[in-house]
Amino acid sequence: MPASVTHSASPPPSPPAAAEGPVLHVCTTCRRGGPAMENPPGAQLLDRLQAVLDASPQPITLRPVACLAACDRGCTAAIAMPGRWTWLLGHLGPEKAEDLLAYAKLYAASAKGTVMPSRRPASLSDMILGRVPAAEQEPS
């Protein structure tokens with residue numbers, strides 16, 4: 001056996017339980033290329049998304065993250081769900097919160113996490129920055 005292979009006596013930890021719906025990871029440090037500020041647009045986006053969800057609960061989980069490394073395309077978010085593509089989304093802002101949640105519903109209803117551009121809200125026409133396949137998904 002090669003020296004670099006190790007075995008653990010304990011089984012690997014179980015994955016966390018899957019959420020009912022998609023997880024929307026929102027960059028709270030995004031500032032749309034502007035100067036540092038106390039309440040950047042990314043944090044404002046998260047606050048607006050939370051307010052909309054508080055007013056009309058949906059099976060969407062919000063998770064704040066410190067950076068999604070797409071600063072020149074902020075505000076950014078990533079949407080993920082087991083068995084579906086993960087999408088990196090940009091050019092967002094608090095004014096697009098409702099449309100982003102509408103997109104999240106379409107994403108959750110799709111078989112593989114693909115929402116065709118013609119089905120997305122018009123304000124999100126330029127939001128797709130990239131995608132990552134699900135770990136168990138076959139390449140296409």
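**A guided look at helix H1**

Visitor: How many residues has helix H1, and what does it reach from its first C-alpha to its last?
Guide: Helices are DSSP runs of H or I with at least four residues, strands are runs of E with at least two, and both are numbered from the N terminus. The expected span is 1.5 Å times one less than the number of residues. Helix H1 covers residues 41-55 and comes close to the expected 21 Å. It has 15 residues and reaches 21 Å.

Visitor: What is the average pLDDT of the protein chain?
Guide: This is a predicted model, where local features need pLDDT of at least 70 and side-chain atom pairs count only at 80 or more, while totals for chains, interfaces and linings use all residues. Residues are numbered from 1 along each chain as its sequence is written, and side-chain values use heavy atoms, without hydrogens or water. pLDDT is the predictor's confidence in each residue, from 0 to 100. At least 70 is scored by 82% of the residues, and the chain averages 84.

Visitor: Which elements do the buried residues of H1 pack against?
Guide: Buried means under 20% relative accessible area, exposed over 50%, partly exposed in between (1.4 Å probe, protein chains only). Among the buried residues of H1 are Leu45, Leu46 and Leu49. They pack against strand E1 (23-27), strand E2 (61-65) and helix H2 (97-109).

Visitor: Which residue forms a salt bridge with Glu98?
Guide: A salt bridge puts a side-chain nitrogen of Lys or Arg within 4 Å of a carboxyl oxygen of Asp or Glu. Here the closest N and O atoms are 2.1 Å apart. Glu98 lies in helix H2 and its partner in helix H1, so the pair ties together parts 50 residues apart in sequence. The partner is Arg48.

Conventions
Contact means heavy atoms within 4.5 Å.
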